[in-house]
Amino acid sequence: MQAKNIFLEIYELLFEIYGPQEWWPGNGPFEMLVGAILTQNTNWQNVTKAIENLKSRKLLSFCALEAASHQEIATAIKPSGYYNIKTRRLKNLLTMIRDCYSGEVENLLADGTENARNQLLGVKGIGPETADSILLYGGGHPIFVVDAYTHRIFSRHQLVPEESYYEEIQDLFMEALPSKAQLFNEYHALIVRIGKDYCKKKKPLCESCPLRDIFPQ
DNA sequence: CACCAGGCAAGTA
DNA sequence: TACTTGCATGGT
């Protein structure tokens, strides 16, 4: 007999309602890495414009981006916002992959989860969420990605503490769930999916909120 | 017009 | 340690 696992039940209900989210969109690991940085605090729709610009300028490869000037990259990724700082962050990531993984993205993604995570966190401009997104969606590592929605929604329903660090929330999910990359993949994407139309502010969920039947009140 | 989006780092006290 | 601010575009 097992106590019911609320984290797993919420996942199953979300998946039942919304279905597979098909993350990560785009082609291949390199495009995924670029997208992970470009989407920081930014709508994915804007990121697709930036990625299309990189593609049309033939900059969407490790070597091309490595060779490109700051100005060239910044102009291309302008639609994704924060284009100067994101250009530096992309360059920082390429430098780390060049220095630590012989310039091969696959070597980074094939490294052990802890090693790769620590290397990513050492890059200026890559924090825990971006690092874990790369590990999960780029490398298929079974690691749970936490974001602002995860904290907002789950703390509101007393499922995680209001005051908690990134890794504490991550641990709660990873202890409660089977360690499957595909599960973590869909779960995070589903949380982002509902975050978009999740009624903010104030405790009781509004009457029209479709999540009333999913989350404990 | 205001507000938000698939964060992170740096500055201040 | 605990806040606050800068970074910037495009959609609603």
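**Helix packing and DNA-facing surfaces in the predicted model**

Helices α2 and α9 pack with their axes 10 Å apart and at an angle of about 155°. This makes α2 roughly antiparallel to α9; angles over 145 degrees count as roughly antiparallel, under 35 as roughly parallel, 65 to 115 as roughly perpendicular and the rest as oblique. Axes are lines fitted to C-alpha atoms, for helices over the stretch in contact, and angles run from 0 to 180 degrees between N-to-C directions. Helices (H or I, at least four residues) and strands (E, at least two) are DSSP runs numbered from the N terminus. The model is predicted, and local features need pLDDT of at least 70, side-chain atom pairs count only at pLDDT 80 or more, and totals for chains, interfaces and linings use all residues. Residues are numbered from 1 along each chain as its sequence is written, and chains are lettered from A and ligands numbered from 1 in the order in which they are written.

The crossing of α2 past α9 is right-handed; a crossing is right-handed if the near helix is turned clockwise from the far one by less than a right angle, and left-handed if anticlockwise. On the α2 side the contact is made by Pro29, Met32, Leu33, Ala36 and Ile37, and on the α9 side by Thr130, Ser133, Ile134, Tyr137 and Gly138. Two residues are in contact if their C-beta atoms, placed from the backbone, lie within 7 Å. By class, this contact of α2 with α9 contains seven nonpolar, three polar and no charged residues. Here Ala, Val, Leu, Ile, Met, Phe, Trp, Tyr, Cys and Pro count as nonpolar, Asp, Glu, Lys and Arg as charged, and the others, Gly among them, as polar.

Within α9, Thr130 counts as buried, with 21 C-beta neighbours inside 10 Å. A residue is buried if 20 or more other C-beta atoms lie within 10 Å of its own, exposed if 12 or fewer, and partly exposed in between, with C-beta atoms placed from the backbone. Not counting residues up to four places away in sequence, Thr130 touches Ala36, Ile37 and Gln40. Thr130 is 10 residues from Leu120 in sequence, and their C-alpha atoms are 8.6 Å apart.

Helix α2 (residues 28-38) also packs with α6, at an angle of about 140° and with the axes 10 Å apart. The two helices α2 and α6 are therefore oblique to each other, and α2 passes α6 in a right-handed crossing. Leu33, Val34, Ile37 and Leu38 of α2 meet Lys86, Arg89, Leu90 and Leu93 of α6. The contact of α2 with α6 comprises six nonpolar, no polar and two charged residues.

Two DNA strands were examined, B and C. A residue is near a strand if its C-beta atom, placed from the backbone, lies within 6 Å of that strand. Around DNA strand B there are 24 residues, of which Gln40, Asn41, Gly127, Glu129 and Thr130 come nearest. Helices α9 (128-138) and α12 (181-197) each supply at least two residues of this surface, and α9 has the largest share, five residues. The surface near DNA strand B has 10 nonpolar, 10 polar and four charged residues.

Helix α6 gives the most, three residues. Of the residues near DNA strand C, four are nonpolar, seven polar and one charged.

Asn41, in the loop between α2 and α3, has a positive phi of about 50° although it is not a glycine. Asn41 is exposed, with 7 other C-beta atoms within 10 Å. Tyr82, in the loop between α5 (70-76) and α6, also has a positive phi, near 45°, and is a residue other than glycine. Tyr82 is partly exposed, with 17 other C-beta atoms within 10 Å. The peptide bond from Trp23 to Trp24 is cis, with omega near 0°, and Trp24 lies in the loop between α1 (6-18) and α2.
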